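User: Can you walk me through this one? I'd like to start with how the chain is divided up.

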Amino acid sequence: MDIKTTLTSLKPYQVEPPFEGIRLDANETRNFLFPEGFFLKDFEFHRYPDHQAIELRQGLSQYLSIDLKYILEGNGSSELIELIIKTFAEKDDLIMSFEPTFSMYRIYATLYGTQYIGFPLNDDYTLDVPKFMEEVTLNQPKILFLCTPNNPTGGQLKKEDILKIIQATNALVVIDEAYIEFANPEDSLSQEGFVHDNVIVLRTFSKAFGLASIRLGYMIANETIINQVNRVKSPYHLNQVSQRIGLEALSQCNQVKDEINAVVQRRDSLYQKLLTLPITLYPSSGNFLFIESPNKDLYAPLLARGIRIRAYQNPKSSYRITIGTQEENEILYQALKEILL
Ligand SMILES: Cc1ncc(COP(=O)(O)O)c(C=O)c1O
């Protein structure tokens, strides 16, 4: 059987095999909410999950202080990225973002037969906002993905720049805030995205909540957009176990705040330490650091020392390192010193 012609260049999403060492390659956070596990009391395993995820959305509504009607749950924010493209982009429509950024925008764009343009970030991985806006005006994309803080480079866009971009385009602007909890909250659009008729804000439990395994994300947008995406989502798309765990996690949001603060402190102290090494280091607002090491490969020697980080070919010789525990960060730093000095 031939695969659809639009998909011939598509490869399966690459994930690294299981690994017993120190895993600093996937921007996960430690298991701080449920280290003892999770007991599901009165759980109706025989029932389909709540298709509207009402209780979870009520929990999110309280957590975010915004109305329930502006929130739609997802099976990870990845599912929502796909649903957005499925809902709004016709075949051959244009989807735009900047480059490098989260790879799934391009992959889902390809899946749905749309065109994709990645506007190059500056050499220091900041965004030239006026030039980007010119390109957007010129190309008239249907959907624009803005990842802020950006994965993998860590830079955060200013809210005033995001608003300028929103106002300058008819595109649906999707602001991916997967890492926003580790960043400057004043630049988040979660509290106001829904007043615009062309904005979606994406968030996830996979990073700040340390719950990547339950595949839980959500989007914030005005009611019209929520209803449009609702038409496209599969029946019972979000399993009830994830809904219950997400709700329980939201009831512990003080612990989440403490963990976020601790990660930010460890990120900033690791950043200071890495400044002493012969690598190029970029400021990061996420739970990770982005570095370049053009003269020495870091991936293989770190792996040999039991530490896995994420290596990129584009941009070449660059690496993304998740912030680990204090102990893991120290082991990483000592290993990098050995490799580089
Ligand atoms: C920028 C960005 N958006 C979305 C996601 C997907 O997150 P989820 O686990 O909620 O599908 C990731 C995961 O790494 C990410 O880095």
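User: How far apart are the centres of domain 1 and domain 2?
Analyst: The model is predicted. In it, 25 Å separate the two centres, taken over C-alpha atoms.

User: Which residues belong to which domain?
Analyst: Domain 1 takes in 11-27 + 254-340. Domain 2 covers 54-251.

User: How many residues of each domain are in contact with the other?
Analyst: On the domain 1 side there are 20 residues. They are in contact with 18 residues of domain 2.

User: Which elements give two or more residues to the domain 1 side?
Analyst: Helix H8 (253-274), strand E10 (288-292) and strand E11 (307-312) do. H8 has the largest share, with five residues.

User: And what classes of residue are on that side of domain 1?
Analyst: The side that touches domain 2 has 11 nonpolar, six polar and three charged residues.

User: You mentioned E11. Which strands does E11 pair with, and in what sense?
Analyst: Strand E1 (residues 22-24) pairs with E11 in the parallel sense, over three bridges. Strand E12 (residues 318-322) pairs with E11 in the antiparallel sense, also over three bridges.

User: Which residues stand opposite each other there?
Analyst: Ile22 is opposite Ile307 in E11. On the E12 side, Ala311 has Tyr319 as its bridge partner.

User: What is there between the strands in the hairpin of E11 and E12?
Analyst: Five residues lie between the strands. In this hairpin, Ser317 takes a positive phi near 55 degrees.

User: Back to E1. Where is Gly21, and which residues does Gly21 touch?
Analyst: Gly21 is in the segment before E1. Not counting residues up to four places away in sequence, Gly21 touches Gly306, Ile307 and Arg308. The C-alpha atoms of Gly21 and Arg305 are 8.6 Å apart, although the two are 284 residues apart along the chain.

User: Why does Gly21 count as partly exposed?
Analyst: Gly21 has 14 C-beta neighbours inside 10 Å, so it counts as partly exposed. Buried would need 20 or more, and exposed means 12 or fewer.

User: New topic: the ligand. Which residues come nearest to the ligand?
Analyst: There are 13 residues around the ligand. Gly76, Ser77, Ser78, Thr204 and Ser206 come nearest.

User: What classes make up that shell?
Analyst: Four are nonpolar, eight are polar and one is charged.

User: Which element gives the most to the shell?
Analyst: That is H2, with three residues.

User: Why does the span of helix H2 agree with what it should be?
Analyst: H2 has 13 residues, 76-88, so at 1.5 Å a residue it should span 18 Å. Its end C-alpha atoms are 19 Å apart, which agrees.

User: Which residues of H2 are buried?
Analyst: Ser77, Ser78, Leu80, Ile81, Leu83, Ile84, Ile85 and Phe88 are buried. Ser77 and Ser78 are also among those that come nearest to the ligand.

User: Last one: Gln240. Which helix is Gln240 in, and which residues is Gln240 in contact with?
Analyst: Gln240 lies in helix H7 (residues 240-250). Leaving aside neighbours within four places in sequence, Gln240 is in contact with Pro49 and Asp50. Gln240 and Pro49 are 191 residues apart in sequence. In space they are 4.7 Å apart, C-alpha to C-alpha.

User: Is Gln240 buried, exposed or partly exposed, and why?
Analyst: Gln240 counts as partly exposed because it has 18 C-beta neighbours inside 10 Å.

Key. Residues are numbered from 1 along each chain as its sequence is written. This is a predicted model: local features need pLDDT of at least 70, side-chain atom pairs count only at pLDDT 80 or more; totals for chains, interfaces and linings use all residues. Helices (H or I, at least four residues) and strands (E, at least two) are DSSP runs, numbered from the N terminus. The expected span of a helix is 1.5 Å times one less than its number of residues. A residue is near a molecule or strand if its C-beta atom, placed from the backbone, lies within 6 Å of it. Ala, Val, Leu, Ile, Met, Phe, Trp, Tyr, Cys and Pro count as nonpolar, Asp, Glu, Lys and Arg as charged, and the others, Gly among them, as polar. Domain bounds come from an automatic or database domain assignment. Two residues are in contact if their C-beta atoms, placed from the backbone, lie within 7 Å. Two strands pair if DSSP finds at least two bridges between them.
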